[in-house]
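Biologist: Please show me the model, and let us then discuss several residues in turn.

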Amino acid sequence: MASTDRSDQLTATGVARPGGPGTLSGRTVSRIGYGAMQLRRLDRAAAISLLRHAVELGVDHVDTAHFYGDGFVNEVIAAALRPEDEVLVVTKVGAEPDPTGPIPLRLAQRPEQLRAGVEANLKSLGLERIPLVNLRRADNGPGLRAEGDQIVDLDDQLAVMTSLRDEGKIGAIGLSSVSPDGLRRALPAGIACVQNAYSLVSRADEDMVRICLAEGIAWVPYFPLGGAYAGLAKVADEPAVLAAAQALDVSAAQIGLAWLLHHTPHTLLIPGTADTDHLRANIQAGVISLDGATLASLDAVPSRSGDIEV
């Protein structure tokens with residue numbers, strides 16, 4: 001949920017929080033964070049520089065995974081972030097690198113693979129305890145689908161995740177690519193956030209958004225601008241989005257991010273980029289004000305969710 005405490009308006013480094021303050025796993029964070037996956041496109045020095053710049057702009061929530069660049073992204077985060085930054089690092093398990101596959105990762109859903117994934121994240125991040133780890137399921141898409149021994153009951157996965165939490169290796173549990181039924185089943189385990197594909201043009205998970213709001217769970221949408229795969233609708237193609245962008249003299253992408261922040265108070269964003277100008281533009285989306293008429297026109301955009309497997 002968004003915080004209204006005036007003392008929470010600044011990060012630990014004294015920077016105004018992009019998008020204002022929100023809450024994640026009991027911590028106050030900026031509502032606009034950073035998804036680190038794109039750092040794998042850069043060399044080490046450039047990646048560290050970009051991440052430092054993100055912190056300087058007010059980012060204190062970074063989303064990562066060991067399977068981003070087979071540990072490279074996590075190692076960059078470990079090198080770039082300082083204790084005094086007080087950045088909440090969130091990672092995920094449920095997949096592992098697959099350099100020779102058609103895409104560079106494969107599912108790793110079995111309990112022993114989840115434990116190995118946490119250990120790999122601990123090592124590459126240089127941490128003794130990860131504040132929050134998302135269990136990446138394969139319940140809904142777009143994305144990979146579980147087959148064979150990768151079809152694992154959620155209860156079995158939650159058992160190992162709660163054991164890891166009890167052991168002190170992780171602080172909190174989140175869910176990713178999960179169904180509404182899966183979320184409801186997981187609630188007794190204590191869920192800090194949900195990460196599902198969701199945007200202005202892909203709102204099939206609206207019921208999930210409302211469950212999270214009612215339960216005090218942070219909603220952290222990935223693919224926030226749609227169009228992650230060929231055939232999926234793109235937020236920037238919508239006439240209502242383009243009209244709002246022109247009226248406010250901002251980009252269509254910024255309108256898409258601003259709409260998410262306006263839509264519900266428990267939404268936290270983790271847009272990713274490997275470009276400094278794009279990073280600044282994402283941060284600036286947090287100050288865009290959408291009036292009632294603009295919000296109504298955007299809310300009327302039809303949802304055209306696709307379910308594409310890769």
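This is a predicted model: local features need pLDDT of at least 70, side-chain atom pairs count only at pLDDT 80 or more; totals for chains, interfaces and linings use all residues.

Biologist: Is Asp-60 buried or exposed?
Modeller: Asp-60 sits in the loop between helix 1 (44–56) and strand 4 (61–63). The cut-off for burial is under 20% relative accessible area. Because the relative accessibility of Asp-60 is 3%, the residue counts as buried.

Biologist: Which residues is Asp-60 in contact with, leaving aside its neighbours within four places in sequence?
Modeller: A contact requires heavy atoms within 4.5 Å. With those sequence neighbours left aside, the partners of Asp-60 are Thr-11, Arg-17, Thr-28, Val-29, Ser-30, Glu-86, Val-87 and Leu-88.

Biologist: What is the phi of Glu-86?
Modeller: Glu-86 belongs to the loop between helix 2 (72–80) and strand 5 (88–93). Glu-86 is not a glycine, yet its phi is positive, at about 55°. Most residues other than glycine have a negative phi.

Biologist: How far apart in space are Ile-191 and Gly-174, C-alpha to C-alpha?
Modeller: Ile-191 is part of strand 10 (residues 191–195), and Gly-174 is among its contacts, as are Ile-173 and Leu-175. In sequence, Ile-191 and Gly-174 are 17 residues apart, whereas their C-alpha to C-alpha distance is 5.3 Å.

Biologist: Is Phe-223 buried or partly exposed?
Modeller: Phe-223 lies in the loop between strand 11 (218–219) and helix 7 (239–248), with a positive phi near 50°. Because its relative accessibility is 26%, Phe-223 counts as partly exposed.

Methods
Residues are numbered from 1 along each chain as its sequence is written. Side-chain values use heavy atoms; hydrogens and water are left out. Helices (H or I, at least four residues) and strands (E, at least two) are DSSP runs, numbered from the N terminus. Buried means under 20% relative accessible area, exposed over 50%, partly exposed in between (1.4 Å probe, protein chains only).
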